[in-house]
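Here are a few notes to read with the structure open beside you. Take them one at a time, and look up each part as you go.

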Amino acid sequence: MSIQKTIDRAKLGEKLPEMPWYVQQFIDYKLPDLSPSTLLEYVRDYESFFNWLRAEGLSSATATKEITLEELESLRMENVTSYRLYLTTRTEGTNSRITVTRKLSALRSMFHYLSQIAEDEDFYPLLKRNVMAKIEVKRTNKPKDTAAKLKGKILEEEELLAFIDYIREGYAADVADNKQASYAHAKNKERDASIASLILNSGLRVSEVVNLNIADLDMGNKMLYVMRKGNNDETFKTPVYFRDQARFDMERYLSLRDADYAAPKREKALFLAIPNGQKEGKRMTKRAIQAMIIKYAKRFGKPYLTVHKLRHSFATDYYLQNDIYKTKEQLGHASTETTEIYAHLTDKTMSEAIERRGEES
């Protein structure tokens, strides 16, 4: 971890106790996905919003920590509009458009978690009404800029297959002197290769992979059914196709899933792991898959590679053979604007491929 991230993690630890309990729960939920620096920005944004709520009399709390979920539920659109106006017109410390978008996005993310993911003891959402779902946050990063950041940090062409092969075979040689690592790899290599292959041959998000059940698979048609979100935050199940390589790798994993992971009949998850100290396999977690890919990526010589960059790798490769609309549908993007990233990425890929062909001829 960098020095700055270490400092930010310490500051995050200092600020969190001052936040309401549900903010602390949300930050814990995001810890595996976001850096301490990003999470610290989130907490600062929430602090600003909560201070405004109290100043406007929209909360009766005497301290930020005491602001209740009921007070968030009672907010109206006019309140959120007033907060946006406050951010853009206050006399001191006026925020840029990008900063305002970031602050609203941070609020949307937390409100979404509280209303769609977190549950109380009776399995009901913590937040019954989500006013932030009505707020449209416009994209400020241009696809071209995002593409520029990704160039050189994704797998291209032969590297896609090479990474899968490395997980299955090459990694073993690199950890041959480590008995614990060698044992874990021998036990999990088919599962791990299958997960990487599925993402690299379908473009699934890590959350979609985690939520897959055995019943979602249609191996004959090289298709699976995935829960995705629509424009209005509603979720629906949609078919997503995968390539032959993924079918080959998943068949190898499925042939040993039940035996190697002591899968109980009640466990419907596709990808399993046996937690320490337990005897039966359970659904793999998002954090476990992320850590697994990073582990292999570092040894493979691609330390910047993450699960999401595997998705980008597939999308870039897929876009070279399909148009933007097919790519959008395959990836489950809400807008072609997001998919334009791969148009910019493939500009470079195509030009380099042409140069290589010229050198070979």
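Predicted model: local features only at pLDDT ≥ 70, side-chain atom pairs only at ≥ 80, totals over all residues.

1. Let us begin with the overall make-up. The protein chain has 15 helices and 5 strands. It is 361 residues long, and 42% of those residues count as buried.

2. Next, the contacts and the surface. Among contacts in the protein chain with a separation of 6 or more, 60% are between residues 24 or more positions apart. The accessible surface of the chain is about 19600 Å², and carbon and sulfur atoms account for 49% of that area.

3. Now find two helices, α2 (residues 21–30) and α3 (residues 36–55). How do they lie relative to each other, roughly parallel or roughly antiparallel? Their axes cross at roughly 160° and come within 11 Å. Angles over 145 degrees count as roughly antiparallel, so α2 and α3 are roughly antiparallel to each other. The crossing of α2 with α3 is right-handed.

4. Stay with this pair and look at the side facing the partner. From α2 come Tyr22, Val23, Phe26, Ile27 and Lys30, and they meet Leu39, Tyr42, Val43, Tyr46 and Phe50 of α3. Sorted by class, this contact has 9 nonpolar residues, 1 charged residue and no polar ones.

5. Now pick out Ile199, which sits in helix α9 (residues 179–200). Is Ile199 buried or exposed? Its relative accessibility is 0%, and buried means under 20%, so Ile199 counts as buried. Setting aside neighbours within four places in sequence, Ile199 is in contact with Leu204, Val209, Val307, Leu310, Arg311 and Phe314.

6. Lys309 is 110 residues away from Ile199 in sequence, yet their C-alpha atoms are 9.7 Å apart.

7. Last, turn to a strand. Thr238 belongs to strand β3, which covers residues 235–241. Its relative accessibility is 19%, and the cut-off for buried is under 20%, so Thr238 counts as buried. Which residues does Thr238 touch, not counting those up to four places away in sequence? They are Leu224, Tyr225, Val226 and Arg228.

Conventions:
Residues numbered from 1 in each chain as written. Heavy atoms only, no water. Helix = DSSP H or I, 4+ residues; strand = E, 2+ residues; numbered from the N terminus. Buried < 20%, exposed > 50% of the residue type's maximum accessible area, 1.4 Å probe, protein only. Contact = heavy atoms within 4.5 Å. Areas by Shrake-Rupley, 256 points an atom, 1.4 Å probe, with all protein chains shown as cover. Axes fitted to C-alpha atoms, helices over the stretch in contact; angles between N-to-C directions. Parallel < 35°, antiparallel > 145°, perpendicular 65-115°, else oblique. Left-handed = near helix turned anticlockwise from the far one by under 90°. Nonpolar A, V, L, I, M, F, W, Y, C, P; charged D, E, K, R; others polar.
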